[in-house]
Amino acid sequence: MRSSIRRRLLLAFLIVAVAVATAMSAYFLTELEDYGLSKIEERLESEQTILAAALSAQITASGGRGLTETQAGILATELALTGHGSASHIRVLDRAGVSIADSTGADIGIGYAETPEVARALAGETAYAQRVLPDGRIGISIAGPVTVDGRVVGVVHNSAATFSVTTLVRDYRVQLAVAVAVFVLTTFILTELLARWLSAPLRSLAQGAVAFAQGDHSVRVRPFGSTETRAVAEAFNAMADEVQDALMELHEEERRKSRFVSDVSHELRTPLTAIRGAAETLLDGDVPEEDARQFLSTIARESERLTRLANDLITLQRIEGATGELPLSQVDLTSIAEQAVAALAPLVEARGVNVVITGKAAPVLGDRDRLQQVFSNLIDNASRVTPEGKQLTIEIADDEDQVVARILDEGPGIGEKDAVRIFDRFYRAQSSRDRGSGGAGLGLAIVAAIVSAHGGAITAAPRPEGGTVFTLRFPAVRQE
Ligand SMILES: Nc1ncnc2c1ncn2[C@@H]1O[C@H](COP(=O)(O)OP(=O)(O)OP(=O)(O)O)[C@@H](O)[C@H]1O
Ligand SMILES: [Mg+2]
């Protein structure tokens, strides 16, 4: 069985509390017992000494003839004096160890010579004895000689009994049990409260973690309690933020992918429908020579469109998948723009557009072929919208630590919304032209992908004087 922190704390506390309480009580009770016994011993001794001295004096005063003769008078007074109000049991024994007086009035005539402390007292010493009585009490005795002129004439034996710790515990076991129960209960309640208080932050943390694991990624825990639990809670929240972000990104990526797939299939359907229509009509036969040519050229044109679409998609996929893997070298944007223009010269001339390149700037780090593709796509687009006889300008210039290239045309310009969206795949601005005359709408997506793979940026904006300007920015290579 796995136990909670609360239960472990509780168990540990109970064990410690009971152990400490037991040890302390045992220690103090023993000390108390020893102290009590030594006090009794002192009292017995002083009573014994006084009585022995008094007896000795009496005997001497009465002519020193022996203890028996003076017993009645002296002992009655002395014993009444010392025996009353004290728990001492005093006996006076004659020279043979036979009791001749007793503070309780009993036991007269009994011989005690065999008792060890009495035997030693008869020999002239003062002796102590301690024994456990049949009723469980501890008996303490002291025996001392009564001497007259150096002779032992009798013995004063003084004894008392006291409760030992053992009997105390036995007699008070009900009260003790109640005390122990109260103690344990109090400890239990206090520990329970303490454990609850200590484990509350951990419990809230555990609840948060479980909820999170079950899919509630918005759950966060309140950092409270000790420094440690607070640190764990904060770490948990940070982790939860990160996981949530990652999941959202993943979700977004998935959404983009599925949109891409549906866009692609949509784009494929148009040329395929055209091809199928033309092919079916031709198969039906009986098509006039001139119409047949028309259908065949539709098939050729649409097939070419499909090929281009496939190529563009592959290009896009390669660029986006190969971030950081472009073969970079220091290149000059002006010369790249010139090359692009040269390659497109027949097309641009056929459209009756005049292209001008101006300016020079610091080199940038880039892939020459890809950058040429950027200019080609932009020039292709711009020359397509520029009316015959108008001009298309490419300006290259330094701008602090960047190189800026601007492609300016005199076309219809661009709407604010379109300026952002034209870089999306398959996006074509409504105003410019329909699918029949244009491409797939991948050109600017490829441009944007290449630019961002170079650490650059591209924006489109309408020109105040009409037309559109595309602005490219690349980090310049620092010239020493
Ligand atoms: N210079 C421009 N002036 C105005 N609109 C433009 C200009 N260049 C691009 N556009 C708009 O942006 C759209 C997207 O251009 P993009 O190059 O991505 O696709 P496309 O030229 O239609 O097809 P593709 O380049 O794949 O053959 C174009 O359809 C056009 O509407
Ligand atoms: Mg284009």
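Select helix H9 (368–385) and helix H11 (443–453). Their axes come within 9 Å and cross at roughly 145°; axes here are lines fitted to C-alpha atoms, for helices over the stretch in contact, and angles run from 0 to 180 degrees between N-to-C directions. The crossing of H9 and H11 is left-handed, a label used if the near helix is turned anticlockwise from the far one by less than a right angle, with right-handed used if clockwise. Helices (H or I, at least four residues) and strands (E, at least two) are DSSP runs, numbered from the N terminus.

This is a predicted model, in which local features need pLDDT of at least 70, side-chain atom pairs count only at pLDDT 80 or more, and totals for chains, interfaces and linings use all residues. Residues are numbered from 1 along each chain as its sequence is written, while chains are lettered from A and ligands numbered from 1 in the order in which they are written.

Now show the residues between the two helices. On the H9 side, pick Arg370, Gln373, Val374, Asn377, Leu378, Asp380 and Asn381; they meet Gly443, Leu444, Ile446, Val447, Ile450 and Val451 of H11. Two residues are in contact if their C-beta atoms, placed from the backbone, lie within 7 Å. This contact divides into seven nonpolar, four polar and two charged residues. Ala, Val, Leu, Ile, Met, Phe, Trp, Tyr, Cys and Pro count as nonpolar, Asp, Glu, Lys and Arg as charged, and the others, Gly among them, as polar.

Stay on H9. Its 18 residues reach 26 Å from the first C-alpha to the last, close to the 26 Å expected at 1.5 Å a residue; the expected span is 1.5 Å times one less than the number of residues. H9 is mostly covered, with 13 of its 18 residues buried. A residue is buried if 20 or more other C-beta atoms lie within 10 Å of its own, exposed if 12 or fewer, and partly exposed in between, with C-beta atoms placed from the backbone.

**Ligand 1**

Which residues come nearest to ligand 1? Of the 22 around it, they are Asn381, Ala429, Gly439, Gly443 and Leu444; a residue is near a molecule if its C-beta atom, placed from the backbone, lies within 6 Å of it. H9 and H11 are the elements that give two or more residues to this shell. The largest share, four residues, comes from H9. By type, the shell holds ten nonpolar, nine polar and three charged residues.

Select Ile336, which lies in helix H8 (residues 333–350). Ile336 counts as buried because 23 C-beta neighbours are inside 10 Å. Leaving aside neighbours within four places in sequence, Ile336 is in contact with Val331, Arg368, Leu371, Gln372 and Phe375.

**The loop of Glu400**

Go to the loop between strand S9 (391–399) and strand S10 (402–408), where Glu400 is found. Phi of Glu400 is near 55°, a positive value in a residue other than glycine. With 7 C-beta neighbours inside 10 Å, Glu400 counts as exposed.

**Helix H6**

Next, select H6, residues 227–284. At 1.5 Å a residue, its 58 residues should span 86 Å, and the end C-alpha atoms are 84 Å apart, which agrees. Is H6 largely in the open or covered? Four of its 58 residues are buried, so H6 lies largely in the open. Those buried are Ala233, Glu267, Pro271 and Ala278. Their cover includes helix H5 (173–213) and helix H7 (289–321).

Just after H6, Gly285 takes a positive phi of about 75°. Asp286 lies in the loop between H6 and H7. Phi of Asp286 is near 60°, a positive value in a residue other than glycine. Asp286 is exposed, with 6 other C-beta atoms within 10 Å.

**Helices H1 and H5**

Finally, select helix H1 (residues 5–61) with H5: they pack at an angle of about 145°, with their axes 9 Å apart. H1 passes H5 in a right-handed crossing. The residues of this contact divide into 13 nonpolar, three polar and three charged. Among those of H1 are Leu9, Phe13 and Val18, and among those of H5 are Phe183, Phe188 and Leu202.

Leu194 also lies in H5, and 14 C-beta neighbours inside 10 Å make Leu194 partly exposed. The C-alpha atoms of Leu194 and Tyr427, 233 residues apart along the chain, are separated by 65 Å.
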